[in-house]
Amino acid sequence: MIKDLYAIYSIWLREMLRFFRLKSRLFGSIASPFFFLAFLGMGFGNGASLPGIPPGIGYVSFLTPGIIGMTLLFSATFAGLSVLWDREFGFLKEIMVSPVSRIAIVLGRTAGGLTTGILQAIIIMLSGILLGMKVPSLQGFLLSLVFMVLIATTFIGLGLAFASKMEDMSGFSLIMNFLIFPLFFLSGALFPLDRFPPVVKVLAYLNPLTYGVDGLRYSLIGASAFSPAVDFVILGSSCIALLSLGAYLFDTTEVN
Amino acid sequence: MNDITDEVKPTEVIKDAAISMRGLTKEFGEMIAVNQIDLDIKKGELFGLLGANGAGKSTIIKMLTTMITPTSGEARVWGYDVAKERKEVRSSIGVVFQDPAVDGMLTGRENLDFHGRMYGMDASCRKARIAEVLDLVDLTEKAEVRMQDYSGGMKRRLEIARGLMHYPHVLFLDEPTIGLDAQTRRYIWQYIRNMNKELGVTIILTTHYMEEADFLCDRVAIMDNGKIVALDTPEHLKDLIGSETITLETVEGKDALMQILQSFPWIKSINASNGTIELQVDHAQSRIPEIMLEANRNSAVITSVSLHKPTLEDVFLKYTGRKIRDLPGSGSSMANMMFRGRG
């Protein structure tokens with residue numbers, strides 16, 4: 001048990017070293033959510049409220065929690081998928097042949113992905129505040145951290161599940177284009193879900209990120225489509241389900 | 001030639017073996033990669049699995065190191081079952097994989113530090129041990145360099161150091177010198193030997209380099225098509241091939257020379273064709289002066305003498321009916337680069 005904690009720490013530490021050394025990845029991963037936030041925010045302005053957005057809430061305030069969700073979605077899925085990089089570069093073998101339980105390996109990776117994801121999310125939150133979002137209360141901020149952890153863990157699990165079943169990097173762009181981007185657009189991150197036709201709305205309701213973004217909105221700007229309890233329960237359940245799935249598939253993977 | 005390749009005599013059962021395999025088999029779909037292997041490896045032994053790519057060497061290593069599970073049969077490493085006691089097996093072994101398995105973003109020291117933590121070594125223990133193993137492979141000065149800037153040989157040396165770091169009982173080396181230049185290979189051989197002889201670590205290595213197996217290993221198993229076709233010390237294996245061959249090129253007095261040679265009791269057989277005489281002889285080196293003396297006395301003119309000692313290559317040829325160099329994927333290092341990881 002103690003040894004496993006040590007291993008979790010070791011894997012987390014490696015993720016940190018890699019993250020801060022790969023400057024291009026650091027800036028690359030924060031750049032696209034930042035541009036979304038900055039240009040959409042400036043384009044629509046924070047003044048006039050858009051249709052479907054509760055009155056008195058500016059677009060930047062509405063958008064920031066959405067872009068935080070986006071940041072977490074991308075960074076967490078990548079963190080899960082980074083098993084593929086390790087497979088490609090052989091390092092996965094070094095991890096898999098050590099006497100560390102598979103669950104500790106999964107937890108170490110999750111801890112690493114969580115840390116880097118939330119770090120980036122907070123940078124986006126600060127950018128949102130600079131662009132006009134009101135500074136959240138301490139309670140609101142702490143509650144938003146809870147939702148951030150749940151969102152990140154959910155999608156680390158998803159990334160891990162895919163990485164465990166994929167032989168190499170060839171399916172990567174497929175996952176990007178047919179999974180991650182649709183999850184992002186269908187989460188209500190950019191505009192209220194009411195704008196979608198009913199069929200598409202159903203898809204949005206099946207998307208865990210929808211509840212994550214909604215929970216973040218409740219925490220940070222006090223306006224949400226669902227009750228925060230509903231957000232918490234649905235997101236929490238998908239978090240447990242996807243992380244378990246990822247851990248299970250990773251556990252059964254063979255390294256050649 | 002086939003009469004000897006079919007079955008190898010039952011292997012001796014070694015008590016308290018470092019590794020034992022009984023009926024060990026791995027199938028990938030239709031293909032049987034490893035077929036009913038029975039083999040014991042002694043504690044403290046430096047053991048070689050010799051064979052072409054695809055012979056099943058790496059598959060055996062992968063089963064013994066718990067990377068893949070056997071289809072049937074049983075294998076024990078340091079007394080632990082590779083299928084049922086994976087964690088215990090993993091704690092007992094160190095592995096150096098065929099392909100590099102380091103994190104290039106981290107320095108050599110950080111890679112070792114990561115490894116030590118994964119094996120539950122505490123900070124002071126890690127620090128002391130890292131210094132030791134770095135010194136063992138002469139990489140102390142490169143410890144703070146990121147591993148993406150290491151050469152192939154340096155990476156391999158660091159991996160060997162890492163394999164030893166947690167004091168394993170058994171060290172697995174899968175093609176330890178593949179893709180390395182001749183000089184680096186010599187260095188690596190030296191390190192491997194030192195580890196085995198001075199530290200007493202049991203070592204199992206796979207290789208398709210005959211001279212590597214010959215130089216390093218206490219015992220060698222020659223593999224072909226998932227089976228062991230020969231198993232013994234390199235010396236005994238070479239003895240099976242028989243005596244050494246002296247080849248003489250003559251221009252004059254060949255017949256007279258032949259007559260004299262036929263009277264020597266230590267010559268086992270003589271073959272002559274055109275100007276060439278082939279002699280099968282034991283201790284050939286010390287017989288050459290005698291032959292030259294007789295040739296001189298009988299005014300025979302010898303233009304060249306060559307001596308061929310049996311090599312493991314000859315043994316391999318005898319048991320598999322092929323030269324290892326004829327086989328696909330075992331030729332130049334370029335081809336090895338391209339086919340890496342499939343062995």
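Take helix 7 of chain A, residues 172–185, in this predicted model. With 14 residues at 1.5 Å a residue, helix 7 of chain A should span 20 Å, and its end C-alpha atoms are 19 Å apart, so the two values agree. Which residues of helix 7 of chain A are buried? They are A:Phe172, A:Ile175, A:Met176, A:Ile180, A:Leu183 and A:Phe184. As a reminder, an α-helix has 3.6 residues a turn, so residues three or four places apart point the same way. The buried residues of helix 7 of chain A pack against helix 2 (23–44), helix 3, helix 6 and helix 9 of chain A.

Next, helix 10 of chain A. It counts 24 residues, and from first C-alpha to last it reaches 34 Å, close to the 34 Å expected at 1.5 Å a residue. Its buried residues include A:Asp231, A:Leu235, A:Gly236, A:Ser238 and A:Cys239. Further along the list of buried residues in helix 10 of chain A are A:Leu242, A:Leu243, A:Gly246, A:Ala247, A:Leu249 and A:Phe250. Among the elements covering them are helix 3 (59–88), helix 4 (91–96), helix 5 (102–131), helix 6 and helix 9 (208–221) of chain A.

How do two packed helices get described? By the angle between their axes and the distance between the axes. For helix 6 (residues 138–165) and helix 10 (residues 228–251) of chain A, the axes come within 7 Å and cross at roughly 30°. The two helices are therefore roughly parallel to each other. Helix 6 of chain A passes helix 10 of chain A in a left-handed crossing. The residues of this contact divide into 17 nonpolar, 7 polar and 2 charged.

Now chain B. Its secondary structure comes to 13 helices and 14 strands. The C-alpha atoms of chain B fill a box of roughly 80 × 45 × 35 Å along the principal axes. Of its 343 residues, 52% count as buried. Among contacts in chain B with a separation of 6 or more, 69% are between residues 24 or more positions apart.

One helix pair from chain B to finish. The axes of helix 4 (residues 108–118) and helix 5 (residues 123–136) of chain B come within 10 Å and cross at roughly 130°. That makes helix 4 of chain B oblique to helix 5 of chain B, and their crossing is right-handed. On the helix 4 side, B:Arg109, B:Leu112, B:Asp113, B:Gly116 and B:Arg117 meet B:Arg126, B:Ile130, B:Val133 and B:Leu134 of helix 5 of chain B. This contact divides into 4 nonpolar, 1 polar and 4 charged residues.

Terms used. Residues numbered from 1 in each chain as written. Chains lettered and ligands numbered in written order. Predicted model: local features only at pLDDT ≥ 70, side-chain atom pairs only at ≥ 80, totals over all residues. Heavy atoms only, no water. Axes fitted to C-alpha atoms, helices over the stretch in contact; angles between N-to-C directions. Helix = DSSP H or I, 4+ residues; strand = E, 2+ residues; numbered from the N terminus. Parallel < 35°, antiparallel > 145°, perpendicular 65-115°, else oblique. Left-handed = near helix turned anticlockwise from the far one by under 90°. Nonpolar A, V, L, I, M, F, W, Y, C, P; charged D, E, K, R; others polar. Expected span 1.5 Å × (residues − 1). Buried < 20%, exposed > 50% of the residue type's maximum accessible area, 1.4 Å probe, protein only. Contact = heavy atoms within 4.5 Å.
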